[in-house]
Every structure is written in C-alpha cells, then in structure tokens.
Amino acid sequence: MSTPAIVVRGLRKSFGQKQAVAGIDLDVEAGCFTGLVGPNGAGKTTSLLMMTGLLRPDGGMVGINGIDVWADPRAAKAIIGVVPAESQLFDRLSGEELLEYAGRLHGLPAGEARSRGAQLLSVLDLTADSKRLVADFSTGMRKKATLGCALIHNPSVLFLDEPLEGVDPISADVIRRMLTRYVQSGSTVLFSSHVMELVEQVCDHVCIIDKGQIVAAGTTEQVRGGKTLQQAFVDLVGPRTGQEEGLPWLGSSSS
Amino acid sequence: MARLLVQLKLRMLLNALRASTRAKVSFIISTIIAGLLAMGTFFILALLRGQAAAVDETSVVLTVFAFGWLILPILVFGLDGTLDPAALSLYPLRTRPLAIGLLAASATGAWPLANVIGLMGVTVGLARGAAGVIVAVLAVLLQVLFCITLARFVITALAGLLRSRRGRDLAAFLVLPIFALYEFFIQVVPNAAAQHRLGAASFAGVDRWIRWVPPGLAAHAIQDASTGRLGTALLRLVLLAAVTGVLGWLWIRSLGRALVTADTSTQASQVRGAALPFARYGLTGTVAARFLIYQRREPTSLIYWGIIAVVMVVASFRVVTTPAYLGGVLFAIGLGAAMTGVFHANSVGVTGPGFGSEAVALTARRELRAYFCGQNIALAMVGIPLLALFSFGLMAVAGHPVDGVLALALGIAALGAALGVSNIFSVVAPYPMERRIGSPVRRAAEGYVGQSLAGTFGSLLGVGVCVIPVVVAVELTSSATAVVRMPVLAAAAVVYGIMLAWAGQRIAASAAEPRLPELFQVAIRSKL
C-alpha cells in the first residue's frame, strides 16, 4: 500500500465552550479519493481549515506528504490546493485574470500561469466567459473557477469543502470527471460533502465525522457494510428529528 | 392589504428595538435625528414669516425634501423589506391593493412623520388667515404624498436594476455627490453666510424655475390662499394632486411589471485586455496589478478617491485665496494623503474573503513584503497623480502655481507615511467589514467600531507625526532661492516618503508572518 499523503493526529479545536473538533486521527493514502462526511456542524470545515494551515488548531499535528503543516506552512502550501465552501474569489477580476493571479501567487512564471489558466478555463467550460467579471458568474461557474485556482500549480493533495454545493448537474459532471482524472494520475483528494450518493459514487475511502470525532473510517465498502452509504451514515450518526407526526395537516387536501 | 403592510412596517420598526444593542442604538439615534429634523425644519420655515423671499425659500426647502425622498431610498435599498416588490411577488396579491398598502407602509414611521411635522412650519411662516392655514395643511399633506409616490415610483422602476451587481455599483456612486453636497453645506455655506455672500435675498427669484414643479406648486398655493387668491390656490393644489395621481398610476403600472420581470443581473460586462498588467514583474508586480484593477473596477475604491479629492478642496477652500494659502493647501494635501491611509488601514478586512485565496499561497515574510509593497505601489500609482493634480491646481487658484512643488513634496512624504502606517494597522488591528444588504458602502462589522476608530485616528496621528520634519524643512527654507529650494525639498520628501512606506511594509510583513491564520479568519468574516 502507498504511503499516507495526509496524516492527522489528535487534531482539536474549540470555539469558546464548544468543542468543534475533539482530537481526530486520520490517514489518507496517496492516490486516494476520500470523502469526509458528517451532519451540519460536525466539524468538517473546521478540520479542513486546520489541515490546510488556515485555522490554528488548539492541539495535534497535520502532515502532508511528510511536511508538518504548522511547522513549515510554506512548504505545505506549495503542494496543496484548497477549494473552500464559501467563494473566496476576487470578483472584480475576469475569469482569466483570476486564474493568472492564482498561478502567479503560487510562483508560476507569468506566461506559464496564463497558459495553464487558459487550459483550465477550457476544460472547465469557462472559455466563453473568460473575460466576464467573476462577480457576474453563476454559483456553478464560481465553483469551477475556484477549482481552477486550486489546481493551477498542480498540487499533489487537493482539499475540497462541499465542492458541488449549488452546482448544476452538467458542471458537477465536469468537476467530477476532472477530479477522477486527477486522482488517477496519483494525486490525492480529500473532500467534504453532504451528498452521500456522490461520495459513494466517486470515493474509494470514506470518513464519517460527528460532533468533532471520527466515528467511522475506511474503504467505502467497509464503511457501508453492505448497506447504502446513506443508511450506514444515518445508523452511525443517528436520526436527528422524528417529530414529523406533529404536522397532521401537511399533504392532505384539507386546508 | 394596507393594514397588513402598515403592521409589517411597524413590526419591523419595533423589531429593531429588540435586535442587538448596536441596532437598537442606531434606531434610537435615527429617531432622535428625525425628531430634530422635524423641529429644525418647522422653525426654519416658521422663521420665514414676514420675509420678502419667504415663498422662494419655502419652495427651495420643499424641493430639497423631494430630492431627499428621491435619493435616499436608492441608497438604502434593501433596508426596508416593504420597498422591494420582489419580496412580495410570491404572494397572490392584486396590484392596486398592493400599491395602496405599500404607499401606506411608506407613510408609516418616524421619518415620514418628521416630514409632515417639519413642513407644517409653513402654517406659521407662509400662511395668513384661516384659508391660508387650511390650504397650507392640505399642501403639506399633498407634498408628502407626492414625495412618497415619487420615491415609490423611482424605487420600483429601478428595483430590477438595484438587485443586480451593476445597479448596486451605479447606486454606490450616488454617495460621492451626496458627500460633496454635505461638505458644501457644512463648510462652504456657513463660510459664505459669515462673509455676507449668502443671505435670504440670495433665494429671491429662484422660484421662477421651480414654481411650476410640485414643491413650488405647494408653496405658491399657500401664498395665493394667504393673499386672497383662493381660486388660484385651489387650482395649484388640484394640479399637484393630478401630478401625484399620474405618478401613482405610473407606479402601479411599473409595480405590475416589476412583479413579473426578472432582474438584470444576468447582463454581464466584458473586460478588455488579456492579461494582468505587470504580472511579469514578480509577486510585487502581480499584487500591484490586482490592487490597481480594484482601484478602477471596485466602486468603493473610486468613491474613496473621490472623497479624498473633495476633502482636499473643502479643507483648503477657506484660505486658498488669502495670504495664508500656503499653510492651508499644505494641510489639505497632507490630509488627502492621510485619508489614503485611513481608507486602507484595514486592507485585509476590506479585501474580504478574497484574501483567502492569497492566504493559501503566501506565507513567508519575503512574500508578505512583496504583497504589501505591491499594494502600496498600486495606491501610489493613483494617489501621486491625484495629489499632483490638486497640489498644482489649488496653488494655481491661490496664484502661486510654483508652490505646487512644495505641496506635492509634502503630499508624497505624507502618502508614504500613510501607506506604511496603513500596512501596520492592517496587520495589528484588522477587523471584518460588512455591507448591509442593499447598502452601497461598507463599514466595520458589529463590535469592531473601536478598532475602526483606532485605525482611523491612529493613521491620521501617525501621518501627522511623520510629516512634521517636512513641514519644518519647508518653514526653515522659506527664505532660500526657489530654484534650489524646490528640487532639493521635493527630492528629499520623495526619498523620505519611500523610506516610510518601505519601513511600514517591512514591519507589517514581519507581524503578518506568524498571524496569517488569524488574518485569514478576519478576512472570511467580512461580508462584502
């Protein structure tokens, strides 16, 4: 088996009294497509931010390809790409200016940044909109542009937080195929999502997080245990409502 | 429907009192200001009693109020949930009762009441006799109804545009003329009045233009009724009511259309040029290119530069034609340069979530130095030409264009100090910014007003201290030959300014290196 691309040990973070991440351990092998799933507020985004050097943990260690993210953030940032849940783009730049800017920030020469930007825009089906301001992009276009910015320096590990949230099926398919190709080339993807069908479809490994702790991790088959991932997830995390009987008028022809 | 929407408006007003302390305080302050406006307007209009130009001045006051109603809803679009017809478009409502309801909701609240009470000053200032007072009351009510209908018509006609990014950009530019007018009224008007260049007689004849527009009709109707011409007065009131009726009809039509029309946010603009300028000049050039593009394309940046220009003119206005011109213009240019620092003393918060894409790439001190350097170069590329224009322009107005060299020298030194100080404040005291929905301007997020004030006054103080050596040098060399003095002072000031900016960016980069995750957290909490 290949060596771990991402190693997390005892990672924890509290916001005031609330413990968002309660000491997680995680190993993601190189060349794996791993899904991080969990209910809202489970600690997915907080964990990803700490793994990418953007949120200081209260304790624990994160290693990317053997580099300690918090001891040598510069070296770590050079080999990772990040697609955040919320858009973090410069919306007064055009699509092509944005990608060139991202490439230059990551140290690519100007010509190379421009050339890779154009290729990414083409693959992401954004060439026709490359001169439009990002402010005028739709949600799907923004997600694709964010992915382009995260990939332009060819990172070996990619972190994505809800990459397909609000994205139409066509754009989602483009992103999915691109990520699959990226992983097949030996790179590593760790992405968080609520969409179990998607995780089941594309991920070879799954990690379920709830209340800041990892409650299951392994290959998708192992975590599913013969059920659908949705059912396995609900069984592990537990249903959160059960008050549906309280709306007797809903769905009937009575007013 | 009218009752329901009035209740909705009242509920929203009452909810403001239950919201956060800041919202509560701003609501109370707003209500107090409305009360002061009501009393102030009442007394100003009442004081016109017996003056020859009373009707002219009343016409002017009524016209100013109508403009207020026209402009303010555009600026605060989105603050009042009942303003945007799209918010109600999902409900099965007919247009006419909806229109009447929206009109009634508009007339509810402290500000409309303040308008009615304030304008009732005409019953004292302009009206004579019972007929005059009755016509005055009717005229005020019709005038306020006209203002509300006008505001509703304009906001409904523009609602589709204002929901779009381009529309909001356009609305943002309204801030600039309003700021200029505000400065004009608090600086220029009192000055002119003190010098007896502005008095009641200045308004005589003004209403030759505005007597036939609705506010003028209202004022003249009162005048006519008070001088025994009741028939003409009523005719004017009927005409005012008819204009309001036509506006109402147009509004109902545009409301019907707005409820079923998509906004224009899909109309995107194209950008010329294929690449980032100066991106080939390393990280510094790349960051400078991004900041320079933002100075051009971001309305708030353009507004900042516009405000700086207005500040420089207003600050020197009183003295530019007096023997004290030199000190006045130097102060104005120094203040303009310092304002550049004030506006960028929180560059991480102002950049907002976009800083996240920079934070995932930048880490080392050397890269952060390049980042701040690029930012400063971009601001200097706009700031120096602007300072040069006003240095020589104001000195030319003063009749001493050559002294523009001195002003520019001080301006460049102050700009260098402002950029350096703003870099440091951006790192040591960053805070998230927010833009309320529909508001064109951004401000410190709730709970960060203290840091915002510290950044503002800290920047002004820092620049003030840093330029003291330049002011001393200008003073000490006042008797030297201009041919020698000007170039030496200019060169020294430029070097001094560059050194200050350089020192500021180095300190900021050193401070930012260990704090990058914290700066990132501030940036992503900004809601721009």
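Okay, let's start in the sheet: strand 7 of chain A, residues 157–161, runs parallel to strand 8 of chain A, and 5 bridges join the two. Strands here are DSSP runs of E with at least two residues, helices are runs of H or I with at least four, and both are numbered from the N terminus. Two strands count as paired if DSSP finds at least two bridges between them. For example, A:V157 has A:T188 in strand 8 of chain A as its bridge partner.

Quick housekeeping. This is a predicted model, so local features need pLDDT of at least 70 and side-chain atom pairs pLDDT 80 or more, while totals for chains, interfaces and linings use all residues. Residues are numbered from 1 along each chain as its sequence is written, and chains are lettered from A and ligands numbered from 1 in the order in which they are written.

Back to strand 8. Strand 3 of chain A, residues 33–37, is also joined to strand 8 of chain A by 5 bridges, again parallel; there, A:F33 partners A:V189.

Buried means 20 or more other C-beta atoms within 10 Å of the residue's own, exposed means 12 or fewer, partly exposed is in between, and C-beta atoms are placed from the backbone. A:T188, A:L190 and A:S192 point one way, and A:V189, A:F191 and A:S193 the other. In a regular strand, side chains alternate between the two faces of the sheet.

Zooming out, chain A has 9 helices and 10 strands, and 49% of its 255 residues are buried.
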